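Reader: I have a model on screen and want to read it feature by feature. Where do we start?

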Protein chains: 2
Amino acid sequence: MRLPPLNALRAFEAAARHEGYIAAAEELHVTRGAVSRHIKLLEDHLGVQLFRRHAKGVALTEAGRNLQPVLERAFRDIVLGVERISRDAQELRILCPPATSLRWLMPRLDDFRTCHPDIRVRLTTDFHTLSGFDNTEYDIGFSVSKWPRNDARIAVETVFPVLMTPICTPAMAESLRASGPEGLADATLLHDTPRRTDWRDWLATYPVKGVSETSGDTFPNLDMAVKAAVMGAGVVMADLVLCRDELETGALVAPFPDLACKASYGDVCLVGERSRWEDPKVRLFRDWARKAAQPDVDRLHRA
Amino acid sequence: MRLPPLNALRAFEAAARHEGYIAAAEELHVTRGAVSRHIKLLEDHLGVQLFRRHAKGVALTEAGRNLQPVLERAFRDIVLGVERISRDAQELRILCPPATSLRWLMPRLDDFRTCHPDIRVRLTTDFHTLSGFDNTEYDIGFSVSKWPRNDARIAVETVFPVLMTPICTPAMAESLRASGPEGLADATLLHDTPRRTDWRDWLATYPVKGVSETSGDTFPNLDMAVKAAVMGAGVVMADLVLCRDELETGALVAPFPDLACKASYGDVCLVGERSRWEDPKVRLFRDWARKAAQPDVDRLHRA
DNA sequence: GCTCATGGATCAGTTTTCCTAACCCATGAT
DNA sequence: ATCATGGGTTAGGAAAACTGATCCATGAGC
């Protein structure tokens, strides 16, 4: 299997398509002489005449007429394949769970798009599959560091730590401050998942007599639980980073800011296939995410 | 639609298939440095990394893994297409009517094959279609020059003229010579076609009282009519070139050698699509046929 | 933990390929 | 007869590809 000179094939294909050397030369941005030489070279290589030469231009021989569509198709397939991988290489498919997506990533993502306008970002807001990370659908994902991953091919990198403390409306906070943590026994606990891990984790660190994570209302995600808290429905266990907005505007306040604990599931982190971890687009996103989280990390340290 | 450097694509394809530059370099008969440069060039051109470099060799990135099969297929298609036209270019498809085939072409064709062993000859022994010449199935054909062709795209070239005279067994010839042409009235005429044109043409030139082409037996082709004549079945109208063997061996003789006429259908000739007339293989066959017929032509002139 | 073998990266210098520019030639139209 | 068109051809220079030597990182073997 000996391939003929590829550039000569390309020249021939163009000449055959245009039925003339001049048009082909224009397409290839060369002179007619170059096209002429290429085609002669190819004919010599194959030992087959591809064009019959008239005074007024050239005409394909049967051999040439048979070869042209084969080449046109092959070259088109190559172009399509190349375009596809170029497109894929510039498309960053991110998976991000709802709370992190709505409350951290989406407000910041425009900055990433501005910094890297050539990268097409496709964000999917959803939870991970049970297996940990779907490396066929996504290039990178947000997750938590202590997720039970047993796949060595998945890389993990912390973005920001999760510090939790109860928060509620200013009015409710005032009465809680007056009563101390025991006042929580009279309050409605708001859980960001039906699993109630948020309050369980916090109560494990700061046990409060008469308060159990089994009480209170559950929501499918943190955003909804926080919205309920803003409406005065109860006390939500806040991730200090993800609830920054409400705390800054004063819509919600922390009655016991010193009673903050780390989440048992670890930090918010990025996960991705290790073999793709240094892909330019993935690398750029990781670098950007770390930088974007820096203010949040600093704020936690100051607190 | 901008094609990347084709030689770089080829180098990449080989490297991807072998999962290493050294094996690819061997396949391409170059050094690993050359492969390395090609692939770097391609990566720069595409702006996509195709290999991840380890200390122990390279591994395809997802982009590279996607691109390789596309290229492998495209290159394979090109090779197959090129091989096909090379093969076709060396295959000469000849159509030849039965008499000319059996009595002229086939005994001489081995000489052509010996002179041009690279050309694969495919002889079809059959009559032409009514339309004159099937240029899709055949590269060249034997025919007769006065065939009513109205297609200007068909080229025609005489091979040898057709001179006809009655021939028969020596015994029958002796009695005919004694009786003169009028003796034909008592003989059985043998016709090489049901159309009886052979005797009609000859009788138009040399009218014989009491002899008409409407009498006698017909055969599907000259060969069978001649065989019948050899068996003493009658007098056949012989093409002097095609019946040379029988005349030379004395199996048949011409009682009136001076009463020879040209066939109304003209000469035996070659026909073919004018646009393919100068194809190397066609050209070679035409030149060979003219040369092969020269002894026959000379013999007619001597007679 | 040192050494070596492996496989790729890099670079200077050379070879090969490719291209241009200017010319030629054949033919059909004016 | 002249011109316009479209290829063919050539020398010379630009661009590419290649070589061969050297360098480098790493994993295996001792």
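**Around the DNA strand**

Author: Start with the surroundings of DNA strand C: 19 residues, the closest being A:T31, A:H38, A:A55, B:Y21 and B:R53. A residue is near a strand if one of its heavy atoms lies within 4 Å of it. Of the atoms of DNA strand C that come within 4 Å of the protein, sugar and phosphate account for 72%. This is a predicted model: local features need pLDDT of at least 70, side-chain atom pairs count only at pLDDT 80 or more, and totals for chains, interfaces and linings use all residues. Residues are numbered from 1 along each chain as its sequence is written, chains are lettered from A and ligands numbered from 1 in the order in which they are written, and side-chain values use heavy atoms, with hydrogens and water left out.

Reader: Which polar side-chain atom lies 2.4 Å from a phosphate oxygen of DNA strand C?

Author: One of B:R53. For A:N7 the distance is 3.4 Å. A polar contact is a pair of N or O atoms within 3.5 Å; within protein, one must be able to donate a hydrogen and the other to accept it, and residues adjacent in sequence count only if both atoms are side-chain atoms.

Reader: Which element gives the largest share of the surface near DNA strand C?

Author: Helices (H or I, at least four residues) and strands (E, at least two) are DSSP runs, numbered from the N terminus. Here α3(B) leads, with four residues.
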